[in-house]
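Good morning, and thank you for coming. I would ask you to keep the structure in view while I speak, and to find each residue as I name it.

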Amino acid sequence: MRRWILVATGLLLILSAATGYHILTHYAPPPTLQGAYLQPARKLDAFTLLDHHGSPFDRSDLKGQWHLISYGYTHCPDICPTTLVQVADMMALLEQAEDYQDLRVLFYSVDGDRDRPEVLAQYVPYFHPQFIGLTRAEQSRRQHKNFEQGLGILARVGPEGVEHGLMLFLLNPRAQLQAVFKPQRNERGNYQFSVSQLLKDYRAVRDYYATQSDPIRSLAE
């Protein structure tokens with residue numbers, strides 16, 4: 001009987017500790033970023049795009065893996081290529097550190113009339129062979145809007161040219177918008193991403209996201 005009581009008491013202590021850990025992690029504040037952690041994450045509505053190989057790309061292609069999304073257009077003289085170089089540098093650091101490497105980078109063109117798949121195929125791999133370019137599907141004039149609005153992409157394409165914002169969007173493996181990364185203003189007054197800050201924020205998101213799993217279920221497994 002005493003042995004049973006000891007075992008039962010030990011199990012209660014484990015469950016109490018797990019429950020306490022769950023409460024602490026569930027209500028722990030999200031990480032402080034150069035940007036924002038979305039809690040809850042934002043679900044994207046259905047959309048249809050084309051990748052730079054000309055293959056359909058939709059919400060199902062975002063599931064099961066983390067994605068970092070940049071946006072702009074291929075004729076952009078400075079902001080877009082600079083951002084893609086900085087993201088490529090961050091990926092290189094991840095590859096060296098061998099942590100959280102399950103990240104796929106997407107570049108979405110807001111200038112779908114000019115940036116067709118064949119154009120993106122010449123542009124995007126220049127920055128990294130694993131980067132994927134996305135553009136709107138020709139047969140759909142509206143489906144890409146769900147993608148843009150779901151992320152909060154700011155852009156205007158007109159006869160005078162293209163204007164767009166500067167953000168990076170991080171999607172979790174459930175195809176939900178989990179975090180938004182904002183650029184920093186440098187000493188010359190220009191906005192751009194810091195590779196070290198971007199890497200730090202990405203790791204912070206991944207670390208925090210990992211704590212949201214159910215510890216009692218983990219103990220059972």
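Let me begin with a definition: a residue is called buried when its relative accessible area is under 20%. Please also bear in mind that what you see is a predicted model.

With that cut-off, consider Ala175. Is Ala175 buried or exposed? Its relative accessible area is 1%, which is under 20%, and therefore Ala175 is buried. Ala175 sits in the loop that links β9, residues 168–171, with β10, residues 176–181. Its backbone also deserves attention, for phi is near 65°, a positive value in a residue that is not glycine.

A second residue may be set beside it. Tyr100, again not a glycine, has a positive phi, near 50°. Tyr100 is placed in the loop between α2, residues 79–97, and β5. Tyr100 counts as partly exposed, because its relative accessibility is 26%.

One further point of backbone geometry concerns a proline. Which residues are joined by a cis peptide bond? They are Gln39 and Pro40, with omega at about 10°. Pro40 belongs to strand β1, which covers residues 35–43.

I turn now to strand β6, residues 132–136. Five of its five residues are buried, so the strand is largely enclosed by the rest of the structure. What are its partners? With β2, strand β6 pairs in the antiparallel sense, over three bridges; there, Leu49 has Arg136 of β6 as its bridge partner. With β5, residues 103–109, strand β6 runs parallel, and three bridges join the two.

His52 counts as buried because its relative accessibility is 8%. Its side chain makes a polar contact of 3.3 Å with the side chain of His53. Leaving aside residues up to four places away in sequence, His52 touches Pro117, Leu120, Ala121, Pro125, Phe131, Ile132 and Gly133.

Finally, let us look at the spaces within the model. How many cavities of 30 Å³ or more does the structure hold? There is one, and the space in this largest cavity is about 50 Å³. Among the residues that line the largest cavity are Gln34, Phe181, Lys182, Phe193 and Asp201. Helix α5, residues 195–211, provides the largest share of that lining, namely three residues. Sorted by class, the lining of the largest cavity has three nonpolar, four polar and two charged residues.

The second largest pocket contains about 220 Å³ of space. Its lining is made of 14 residues, and those nearest its centre are Val110, His144, Lys145, Glu148 and Val157. The elements that contribute two or more residues to this lining are β5, α4, residues 143–151, and β7, residues 155–158. Here the classes are four nonpolar, three polar and seven charged residues.

To close, I would return to strand β5: it is joined to β6 by three bridges, and it also gives two or more residues to the lining of the second largest pocket. Thank you for your attention.

Conventions
Residues numbered from 1 in each chain as written. Predicted model: local features only at pLDDT ≥ 70, side-chain atom pairs only at ≥ 80, totals over all residues. Heavy atoms only, no water. 1 Å grid on protein atoms, 1.4 Å probe; cavity = no way out; pocket = protein on both sides within 12 Å on 5 of 7 lines; lining within 4 Å. Points joined across faces, edges and corners; volume = space filled by probe spheres on them. Helix = DSSP H or I, 4+ residues; strand = E, 2+ residues; numbered from the N terminus. Nonpolar A, V, L, I, M, F, W, Y, C, P; charged D, E, K, R; others polar. Buried < 20%, exposed > 50% of the residue type's maximum accessible area, 1.4 Å probe, protein only. Polar contact = N/O pair within 3.5 Å; in protein donor to acceptor, adjacent residues only side chain to side chain. Contact = heavy atoms within 4.5 Å. Pairing = 2+ DSSP bridges.
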